[in-house]
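Please look through the sequence and the model below before reading on.

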Amino acid sequence: METYRIGEIIREQRNRRNISQEELCFGICSVTTLSRIENGNQKPSLKVEEALLERLGHSTDNLIEILNNLALVYASEKRSNKAIYILRYLVNTIEKNKMCMDVTIKHYNMLICNLVKQLVINGNYEEAEIYSQKGIEYCKKNKRLNGFPELLYYNAVANSYLKRNERKLYFKSI
């Protein structure tokens, strides 16, 4: 069975805080489920994962950073489907306004750039083009240039593979 690194993070943080499995999982999941998660035998749902990490004292900010780093580890291990799954979840959660504006401003560009890059690497050009457009529009609307050149680049790569000739000058309206 495949090992899921999030279980290792949960176990390490639980042990570091001297919290028993029973205390950590109370009202979230069973002790058996937590044990399987920590041992890498079960992948937690994102809601369970988030609840466990929050109970361990991680803020939403910290949780996003942990999940983004986990996605980058998967990407470096050539497991881009796992990386894409995590990044898509984070981007979609932010887009649905389920996080405060400070979190959105701080993380959205980084997450969408990481997602678009993985989509291009994986050959998902249609989806890469859609997400890069969202990122470009976000940059323009909020006058945030971090990630903008990368989004333009991956948008052009995706359009090239899709045999489109995009001639929009995105920087004109910034």
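A residue is called buried under 20% relative accessible area and exposed over 50%, with partly exposed for what lies in between. By that rule Asp 61, at 23% relative accessibility, counts as partly exposed. The model is a predicted one, and within it Asp 61 belongs to helix α5, which covers residues 60–76.

The aromatic rings come next, and a search of the whole structure finds three aromatic pairs. In one of them, Tyr 108 and Tyr 138 have ring centres 4.7 Å apart and planes at 55 degrees, so the pair is tilted, given that planes under 30 degrees apart would count as stacked and those over 60 as edge-to-face. Because Tyr 108 lies in helix α7 (residues 101–121) and Tyr 138 in helix α8 (residues 125–142), the pair ties together parts that are 30 residues apart in sequence. Tyr 108 and Tyr 138 are both buried. The rings of Tyr 153 and Tyr 154, by contrast, have their centres 5.0 Å apart with planes at 70 degrees, so this pair is edge-to-face. Tyr 154 has a relative accessible area of 13%, and is therefore buried.

Helix α8, which holds Tyr 138, can be checked for its length. At 1.5 Å a residue, its 18 residues should span 26 Å, and the end C-alpha atoms of α8 are 25 Å apart, which agrees. Its buried residues include Tyr 125, Ala 128, Tyr 131, Ser 132, Gly 135, Ile 136, Tyr 138 and Cys 139, and also Glu 129, Gln 133 and Lys 140. An α-helix has 3.6 residues a turn, so residues three or four places apart point the same way.

Which residues does Ser 132 contact, leaving aside its neighbours within four places in sequence? Ser 132 has its place in helix α8, and with a relative accessible area of 0% it is buried, because that value falls under 20%. Beyond those sequence neighbours, Ser 132 is in contact with Val 116, Leu 151 and Asn 155. Just after α8, Lys 143 takes a positive phi of about 50 degrees.

Conventions:
Residues numbered from 1 in each chain as written. Predicted model: local features only at pLDDT ≥ 70, side-chain atom pairs only at ≥ 80, totals over all residues. Heavy atoms only, no water. Phe/Tyr/Trp six-rings, centres within 6.5 Å; stacked < 30°, edge-to-face > 60°. Helix = DSSP H or I, 4+ residues; strand = E, 2+ residues; numbered from the N terminus. Buried < 20%, exposed > 50% of the residue type's maximum accessible area, 1.4 Å probe, protein only. Expected span 1.5 Å × (residues − 1). Contact = heavy atoms within 4.5 Å.
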